Amino acid sequence: MRRTGVVPLLGAVLVTAACSAPRTTTPSPIAEPMPLTTTSATPATTTTPTPTPPPTPPCAVTTGACVSLAQRLAWLLRDGKVVRGPVPAGFGPPDQATPAGSFHVAWKDREHRSSQYGTDMPNSVFFAAGGIAFHAGPLDAPSHGCVHLTDADSAAFFDGLNVGDAVQVL
């Protein structure tokens with residue numbers, strides 16, 4: 001009789017001990033999932049800098065070209081949208097300054113040569129009196145009043161501007 005009394009008691013103790021054991025054992029395949037932790041390549045305190053948007057054209061022109069003498073930049077616009085720019089631009093020195101004002105494209109010549117200075121002016125788009133034009137030229141050397149653009153930018157302005165389009169130089 002003692003055996004029957006001990007067995008139930010041991011069984012109860014064993015069951016109780018198994019149920020109240022701390023959860024420090026290796027989880028079984030059917031155990032509750034562990035909380036997910038995330039890692040990142042950059043610390044949480046690091047932020048990606050927001051790129052600075054390019055300067056907007058300061059002109060009222062909606063179709064044509066805008067030039068900022070102060071910023072040394074030019075824009076090509078069509079129907080109120082910038083289609084090229086801002087692009088770097090070079091200008092004339094104070095004694096041969098690029099004229100400021102509102103103009104219109106008068107004529108164009110893809111392979112123009114200056115009769116006054118004997119220099120090539122590729123992709124010329126003439127817009128002001130005295131032969132003032134957008135054309136390919138060195139950005140680091142002064143012009144004789146023209147707006148110098150890189151080769152690629154002058155080709156884009158030549159193709160994008162039509163006779164009669166507005167040009168504003170500020």
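I started with cysteine 66, which counts as buried at 0% relative accessibility. My cut-offs: buried is under 20% relative accessible area, exposed is over 50%, and partly exposed lies in between, with a 1.4 Å probe and protein chains only.

Before going on, I noted that this is a predicted model, where local features need pLDDT of at least 70, side-chain atom pairs count only at pLDDT 80 or more, and totals for chains, interfaces and linings use all residues. Residues are numbered from 1 along each chain as its sequence is written, and side-chain values use heavy atoms, with hydrogens and water left out.

**Cysteines**

Which cysteine does cysteine 66 bond with? I found a disulfide between cysteine 66 and cysteine 59, with the sulfur atoms 2.0 Å apart. The rule I used takes a pair of cysteine sulfur atoms within 2.5 Å as a disulfide, and the count by this rule is 1. A disulfide is a covalent bond between the sulfur atoms of two cysteines. I read 75° about the S-S bond for cysteine 59 and cysteine 66, and the link is right-handed. Cysteine 59 is buried too, at a relative accessible area of 13%. I also looked up cysteine 146, which is buried at 7% relative accessibility.

**Overall layout**

I count 2 helices and 9 strands in the protein. Helices (H or I, at least four residues) and strands (E, at least two) are DSSP runs, numbered from the N terminus. From the N terminus the order reads α-β-β-β-β-β-β-β-β-α-β. Of the 170 residues, 31% count as buried. The accessible surface comes to about 11300 Å², and carbon and sulfur atoms hold 61% of it; these areas are from the Shrake-Rupley method with a 1.4 Å probe, and for residues only the protein chains shown count as cover.

**The sheet around E7**

Next I traced an open sheet of 4 strands, in the order E5-E6-E7-E8, with mixed pairing. Its edge strands are E5 (107–113) and E8, each pairing on one side only. The twist averages 25° from one strand to the next. For axes I used lines fitted to C-alpha atoms (for helices, over the stretch in contact), with angles from 0 to 180 degrees between N-to-C directions.

I call two strands paired if DSSP finds at least two bridges between them. E6 (residues 120–128) pairs with E7 in the antiparallel sense over 3 bridges, and phenylalanine 126 sits opposite alanine 133 in E7. The E6-E7 hairpin has 3 residues between the strands, and glycine 130 there takes a positive phi near 85°. E7 and E8 (residues 147–149) run parallel, joined by 3 bridges. Across that pair, phenylalanine 134 stands opposite valine 147 in E8.

Why do I call E7 largely enclosed by the rest of the structure? Because 5 of the 5 residues of E7 (residues 132–136) are buried.

Is histidine 135 buried or exposed? Histidine 135 is buried, at 5% relative accessibility, and its place is in E7. Leaving aside neighbours within four places in sequence, I found histidine 135 in contact with residues including Met121, Asn123, Cys146, His148 and Ser154. Contact here means heavy atoms within 4.5 Å.

Last, I checked helix H2 (residues 151–160), which lies across E5, E6, E7 and E8 and runs at about 45° to E6.
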